[in-house]
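Let's take a friendly walk through a protein model, one piece at a time. Have the sequence and the 3D view ready.

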Amino acid sequence: MLAGIGITLIVIGIGITLFVNLSPEFGGSPSKEQKEKFAASSNYKKGTFINLGDVKMNMNFSNFTKMLKLYFSPQPNTIPKKDITVQKIDSVAIVDYKEQTRLVWFGHSTFLLQMNTKNILIDPMFGKVPAPHPLLGNNRFSKELPIEIEKLPKIDAVILSHDHYDHLDYGSIQKLKGKVSHFYTPLGVGAHLQAWGIPKENITELDWWQENTLDDLKLVCTPAQHFSGRGLNDRGTTLWSSWVIQSSTENIFFSGDSGYGPHFKEIGTKYGPFDIGLLECGQYNKLWSEIHMMPEETAQAGIDIKAKTIMPIHWGAFKLAMHSWTDPVERILNKANELKINTIVPQIGEPIYLKENPKNSLWWKN
């Protein structure tokens, strides 16, 4: 019996090793030359990237035990009882659009930004499951997307915040890469893209506080408090970030994934005020509060960055935590009302115009 158990464990171990090393979903690794360049970054220590103040998720044995207990406890309403209905977008309406700046939310942290006649995708995760294999995660809350990848027009730029599966999706990149002109990423993330067939010259990697331009737009890679990694032993080998996107008249902040920290005030001081802050608000728990904000902190982050309007993101598409799926939006609206900061919660697929203030339809209650 013991021999049988041992053989079984060996076979499982070999299977996992082969899966990790042979599956393209895990991406690539930064080269020796790239790592030598990373050494010039103040965020890179002893071969890995770190947060400001070296903040880390405190997953000690006690917290790990608590997490397992929570995971196997009843989790009511973590997934909608029926598929979320999304607003559909006509492909021709996107191709021909040349008017005021607008955003279209695809759920979670994915956006199509149409700004200054450009089409920009932010963290384009269009896949069904945020995991390296469909059996390793829960399905998206909606069967449909506002528009399928194949119907998207030419994309001028893709902006990525970090390399986690719910933000950087292999399948999505494979379908997109033929229609994307350029990719902008934090340091190291380009290694995944190159492994998936994106030419090096089509990728720009930035460190925190570095700026770049996309014709008449300014793109700034700004800090976040999080971590990175797609495999078993690559934690911290690529950088994570938030982003500032500026035109001559408009200013957008995208938080990526981040715990609450002093970087929000610093970003607000350097680049605010913002017309809109797209702020992470979902997949949280006190056990990992260092790397994901609680909804009340999200509202405060909106104050810190000096946003005129905030929008909660990182929710409405996937179950990655144990809270109810509507908890993020309900809690942030309560806190935002207390702090008197304007908050919008558009339906997935509903156009968001920076110069307009859409009414919250409370669609999640239906």
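## Before we start

This is a predicted model, so keep some ground rules in mind: local features need pLDDT of at least 70, side-chain atom pairs count only at pLDDT 80 or more, and totals for chains, interfaces and linings use all residues. Residues are numbered from 1 along each chain as its sequence is written, and side-chain values use heavy atoms, with hydrogens and water left out.

Helices (H or I, at least four residues) and strands (E, at least two) are DSSP runs, numbered from the N terminus.

Let's begin with a sheet. Strands pair through backbone hydrogen bonds, either parallel or antiparallel. Here, two strands count as paired if DSSP finds at least two bridges between them. Seven strands make an open sheet with mixed pairing, in the order 8-7-6-5-4-3-16. Strand 8 (203-206) and strand 16 (351-353) are the edge strands, each pairing on one side only. From one strand to the next, the twist averages 25°; for angles like this, axes are lines fitted to C-alpha atoms (for helices over the stretch in contact), and the angles run from 0 to 180 degrees between N-to-C directions.

Leu-121 has Val-158 in strand 6 as its bridge partner.

## Around strand 12

Which strand forms a hairpin with strand 12? That's strand 11, with four residues between the two. Strand 11 (residues 242-246) and strand 12 pair in the antiparallel sense over four bridges, and Ile-245 has Ile-252 in strand 12 as its bridge partner. Strand 12 is also joined to strand 13 by three bridges, and these two run parallel. There, Phe-254 is partnered with Leu-278 in strand 13.

Now look at the side chains. In a regular strand they alternate between the two faces of the sheet. In strand 12 (residues 251-254), Asn-251 and Phe-253 point one way while Ile-252 and Phe-254 point the other way, and all are buried. "Buried" means under 20% relative accessible area, "exposed" means over 50%, and "partly exposed" is in between (1.4 Å probe, protein chains only).

## Helices 8 and 9

Helix 8 has these buried residues: Pro-295, Thr-298, Ala-299, Ala-301, Gly-302 and Asp-304. Covering them are elements including helix 7, strand 13, strand 14 and helix 9, where contact means heavy atoms within 4.5 Å. Just after helix 8, Lys-306 takes a positive phi of about 65°.

How far apart are the end C-alpha atoms of helix 9? They are 18 Å apart, which agrees with the 18 Å that its 13 residues (327-339) should span at 1.5 Å a residue. The expected span is 1.5 Å times one less than the number of residues. Asp-327, Pro-328, Val-329, Ile-332 and Ala-336 are the buried residues of helix 9. They pack against helix 8 (295-304), strand 14 (309-313) and strand 15 (342-343). Just after helix 9 comes Lys-340, with a positive phi of about 60°.

Most residues other than glycine have a negative phi, and most peptide bonds are trans. Asp-54 has a positive phi near 55°; it lies in the loop between strand 2 (48-49) and helix 3 (61-71). Is Asp-54 buried or partly exposed? Asp-54 is partly exposed, with a relative accessible area of 36%.

Asn-77 also has a positive phi, near 60°, and is found in the loop between helix 3 and helix 4 (91-95). At 31% relative accessibility, Asn-77 is partly exposed. Then there's the peptide bond from Gly-272 to Pro-273: it is cis, with omega near -5°. Pro-273 sits in the loop between helix 7 (263-271) and strand 13 (276-280).

On a 1 Å grid over the protein atoms alone, a cavity is a set of points where a 1.4 Å probe fits but cannot get out, and a pocket is an open set with protein on both sides within 12 Å along at least five of seven lines; lining residues have an atom within 4 Å of a point. Grid points are joined across faces, edges and corners, and a volume is the space filled by probe spheres set on the points.

The structure holds one cavity of 30 Å³ or more. The largest cavity has a volume of about 60 Å³, and of its 13 lining residues, Thr-78, Gln-283, Phe-318, His-323 and Trp-325 are the closest to its centre. The largest pocket has a volume of about 1,400 Å³. Of the 37 residues that line this pocket, Pro-130, Leu-136, Tyr-165, Phe-227 and Leu-320 lie nearest its centre.
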